[in-house]
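Me: I would like to learn how to read a model of this kind, beginning with the ligand site and moving out to the fold. Could you take me through it one feature at a time?

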Amino acid sequence: MMAVVTAVPPEDTPRWLEPWSLDEGADRARALFADAFEGEPEAIASAPGRLTIVGDHTDYSGGLTLATVTAHRTFVAARRRDDQAIRVVATRSELVDGPGPRWEGALDALEPGHPGWPSRVAGVLWALAERGYPITGVDLAIDSCVPLGTGLGSSVALGAAVGRAADAVWGLALDTEAGGVELAEACWEAENTYVGFPCGRLDPHTVLRCGDGEAALLDFSEIPPFVTRYPLYFHEYGLRLLLIDTGARREGWRDAYARRSRAAVRAAAVLGLPSLRSLKPHEALARVDALEDTPTRIRARHIVSESMRVRDTIAELSGLGPAHDRFTRIGALMLESHRSLSADYRVSTAELDLAVDSAVAAGALGARMAGAGFGGCVVALVRTGALEQVAERVVADFAAQGYARPAFLQV
Ligand code: GLA
């Protein structure tokens, strides 16, 4: 008999995390379902992760973000029940807090605040029931290739996929433009009220309202945010968004996130405004630079300047000038965004800074941390032909610093 040899890339070569195809993801969820609950699911739904191109830590201040979705998705197989029981089985439960791979509860007994990964599933069902949708018990099987803890919104991919599965089995008519808004708001409520993590609306409104190959401009001055979609045509011009998963996640990041969103509210209050977004663009920087308290001033400066970079990025994306110049400028804006998140907003880490610097040194047009920060992932704008060389340089620089080997994804 022939031995099966699994190719393990040597330590000094980049490790690429390939997404599953829609069929593969659906097959996996179906197989998990059959194994756990017997029989066939009624529906299989999925949702992607979220990738910020420019515009982080702006959503809770009424600012702007330009974001897209990952090819990596979370898949949910679902079947309605006649009673109130909720039975959930999930892979990768050993990597997150919670009761292990299986959880059971009851729809009419759900209470906000229960811990661990099941709260992300139960929270969305709870939020839909609270909004009056006629749902009952359900069996759910969940599998995912969205990397965990990378700042790519693995939690929202889970919640959104559960919401879409609920829509499919109960026919809630949420697969429309308005339905996407409604479901995103339900997911936001689930995260804020049920899970109990106060966060902005960026993640659910991207994941549920931005399509593959699109970039979504989210304007958080309105609730729910207003979304304008643009074609994301980097591929046509021989460019890719390279994601560098540093693998690092700092303990206590949620408290640090909450402190920053409180600082944003404080800065607006000191300026006598409902939110920092109320500042007029021509005076915004001068007014925040006049704030006396240094931490408040530098945090506010990031928030205000980041929305300006989003506007400038959109202008380049939709501009008519030579493509090379526009992409170079977008790369520079990404780099400015990173410097601001690192120096002013203080949400970067040594690993993220190194990934940005080595990607740019190896030829990336620009790079920045993506998401909440405190570890996680960097996104770099890279020519397709230079992907391998950029990844190799990052791996070598991480090894030289004694950091864990990073992993790579593409959009
Ligand atoms: C997390 C939050 C979002 C947003 C980002 C930073 O992903 O969930 O609401 O604030 O951080 O842009």
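Reply: Let us start at the ligand, where an oxygen atom is 2.5 Å from an N or O atom in the side chain of aspartate 56; a polar contact here is a pair of N or O atoms within 3.5 Å, and within protein one must be able to donate a hydrogen and the other to accept it, while residues adjacent in sequence count only if both atoms are side-chain atoms. Aspartate 59 likewise places a polar side-chain atom 2.5 Å from a ligand oxygen, and for aspartate 203 the corresponding distance is 2.9 Å. The ligand taken alone exposes 310 Å², of which the protein buries 95%, with areas from the Shrake-Rupley method and a 1.4 Å probe.

Me: Before I rely on such distances, what limits apply to them in a predicted model?

Reply: This is a predicted model, in which local features need pLDDT of at least 70 and side-chain atom pairs count only at pLDDT 80 or more, whereas totals for chains, interfaces and linings use all residues. Residues are numbered from 1 along each chain as its sequence is written, and side-chain values use heavy atoms, with hydrogens and water left out.

Me: Which residues are around the ligand, and which domains supply the shell?

Reply: A residue is near the ligand if one of its heavy atoms lies within 4 Å of it, and the residues around the ligand include Arg50, His57, Tyr60, Cys199, Tyr257 and Gly371. By class the shell has five nonpolar, three polar and four charged residues, where Ala, Val, Leu, Ile, Met, Phe, Trp, Tyr, Cys and Pro count as nonpolar, Asp, Glu, Lys and Arg as charged, and the others, Gly among them, as polar. At least three shell residues come from each of domain 1 (15-48 + 70-213 + 221-226) and domain 2 (235-410), the bounds being those of an automatic or database domain assignment.

Me: How should I read a sheet, and what is the strand order of the open sheet of five strands?

Reply: Strands of a sheet pair through backbone hydrogen bonds, either parallel or antiparallel. Two strands pair if DSSP finds at least two bridges between them, and strands (E, at least two residues) and helices (H or I, at least four) are DSSP runs numbered from the N terminus. The open sheet has the order β1-β12-β9-β11-β10, with mixed pairing, and its edge strands, β1 (15-16) and β10 (366-370), each pair on one side only. β1 runs parallel to β12 (residues 407-410) over two bridges, with tryptophan 16 partnered by phenylalanine 408 and arginine 15 opposite alanine 407.

Me: How many helices and strands does the protein have?

Reply: The protein has 11 helices and 12 strands. Its radius of gyration, taken over C-alpha atoms, is 21 Å, close to the 22 Å that the globule rule gives for 411 residues, so the protein is as compact as a globular protein of that length; the rule is 2.2 Å times the number of residues to the power 0.38.
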